[in-house]
Amino acid sequence: MKSNGVTSVEGGAQRRLSLGMLSESRILRVCLGRPYLLLTTSIWRSLPVSLQRLTPVRRYGMHLQSLIRRRAVRRQSFGTFFLRNRPELELMRRLLEERGHGANVAISVVGCSKGAEVYSIAWVMRSARPDVRLHVHAIDISREILEYAERGVYSLTTPSGLTGPTDEISSGDAGGRTCMDQSASVCERMTAAEMEAMFERSDDRVTVRSWLREGIHWYPGNAADPKIASVVGPQDIVVADRFLCHMDAQSAAACLRNIGRLVKPGGHLFVSGIDLDVRTKVAREMGWTPMTDLMKEIHEGDASLTRDWPLEYWGLEPFQPRRRDARIRYASVFRLGEAARAEGRHRCAAR
Ligand SMILES: C[S@@+](CC[C@H](N)C(=O)[O-])C[C@H]1O[C@@H](n2cnc3c(N)ncnc32)[C@H](O)[C@@H]1O
């Protein structure tokens with residue numbers, strides 16, 4: 001194993017201790033726990049950004065985040081943005097290029113929250129290929145957020161400009177619901193021209209244009225429920241972004257395996273906003289093929305994830321191309337095929 005830290009001698013044999021092993025150390029966690037975490041966090045905060053990019057310091061950041069993840073109280077969020085990860089949308093558009101004129105394409109967006117991601121995908125795909133018949137399924141565990149998403153009406157009031165509640169799904173006005181779990185506007189990442197193309201505007205509200213709302217089926221459902229595959233049927237593309245990180249590792253892994261069942265043989269799974277160890281483990285176990293096209297760009301494509309590393313449990317570590325497992329660890333998109341499925345089943349059965 002590559003060392004990133006301290007060296008000790010035990011029983012005559014030299015043993016390399018890494019920061020990763022320190023994170024695993026039960027003694028360290030029990031004895032030092034919170035004070036150790038506070039100390040490591042304050043050291044990190046005191047480092048200039050230029051230093052934080054250096055390899056040994058980045059390893060320290062990885063160690064710090066593993067401690068944060070262990071202690072974190074994970075909680076689901078409704079936060080979202082239109083055009084949140086542009087390279088991801090670009091890869092979806094490229095996948096459509098492979099389709100013939102008039103093809104049917106089924107796509108499911110799981111954990112769709114307020115609908116911004118669904119409408120962004122519909123806009124990019126329908127603009128690129130108006131001839132393709134796009135069947136979109138939007139799924140969320142919260143019926144209330146799904147009803148809100150289906151209406152496609154968003155307030156332009158920024159979260160800081162709100163006077164009412166932003167934390168209760170049913171009690172706020174449209175502004176409150178649009179701003180729920182957000183510190184910035186859902187439209188923050190859009191240009192004026194993009195807003196004009198996607199919305200009709202009236203005063204401080206925008207409504208998603210009707211040609212984008214058409215053909216979207218909204219389903220309340222739990223992504224961990226095995227029955228969900230029979231509800232939506234086999235999908236060409238499944239998107240499961242930024243909600244698995246809010247689950248503990250075991251639940252996220254089980255949920256991801258279930259989501260994989262929605263994908264047609266030869267179809268694609270987009271999954272980001274999840275602990276990388278969990279995604280890597282499941283992808284390996286199931287024999288999914290990582291897509292390297294735009295891999296780095298997609299990994300770095302959502303500033304709200306990269307910016308929060310390593311101090312938040314959902315923060316996304318820097319792309320490290322020299323890691324031996326970089327190809328699978330940093331892929332956010334996988335191709336799932338018959339062979340891959342059979343292999344995954346075989347490995348599971350062998351356990
Ligand atoms: C942070 S939002 C992500 C929204 C969008 N995917 C994005 O990336 O902008 C997470 C959403 O996942 C939903 N969610 C959480 N657990 C779920 C589950 N087991 N099945 C379906 N949806 C779930 C939550 O209700 C919430 O609306």
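**A strand, a helix and a ligand site**

In this predicted model, strand β3 (residues 104-110) and strand β4 run parallel and are joined by seven bridges. Between β3 and β4 the chain passes through helix α6 (residues 116-128), and this β-α-β crossover is right-handed. Within the pairing, V136 of β4 is the bridge partner of I107.

Strand β4 also pairs with strand β8 (residues 216-220): five bridges join them, and the two strands run parallel. Here A138 is found opposite W218 of β8.

The next subject is the ligand. It is surrounded by 18 residues, and the closest are T80, G111, E117, D140 and R242. The side chain of E117 places an N or O atom 2.6 Å from a nitrogen atom of the ligand. For D140, an N or O atom of the side chain is 2.6 Å from an oxygen atom of the ligand. The backbone takes part in a further pair: an N or O atom of D241 lies 3.0 Å from a ligand nitrogen atom. On its own the ligand has 600 Å² of accessible area, of which the protein covers 96%.

After α13 comes G287, which has a positive phi, near 70 degrees.

Definitions and conventions:
Residues numbered from 1 in each chain as written. Predicted model: local features only at pLDDT ≥ 70, side-chain atom pairs only at ≥ 80, totals over all residues. Heavy atoms only, no water. Pairing = 2+ DSSP bridges. Helix = DSSP H or I, 4+ residues; strand = E, 2+ residues; numbered from the N terminus. Right-handed = clockwise from strand over helix to strand, strands pointing away. Near = heavy atom within 4 Å. Polar contact = N/O pair within 3.5 Å; in protein donor to acceptor, adjacent residues only side chain to side chain. Areas by Shrake-Rupley, 256 points an atom, 1.4 Å probe, with all protein chains shown as cover.
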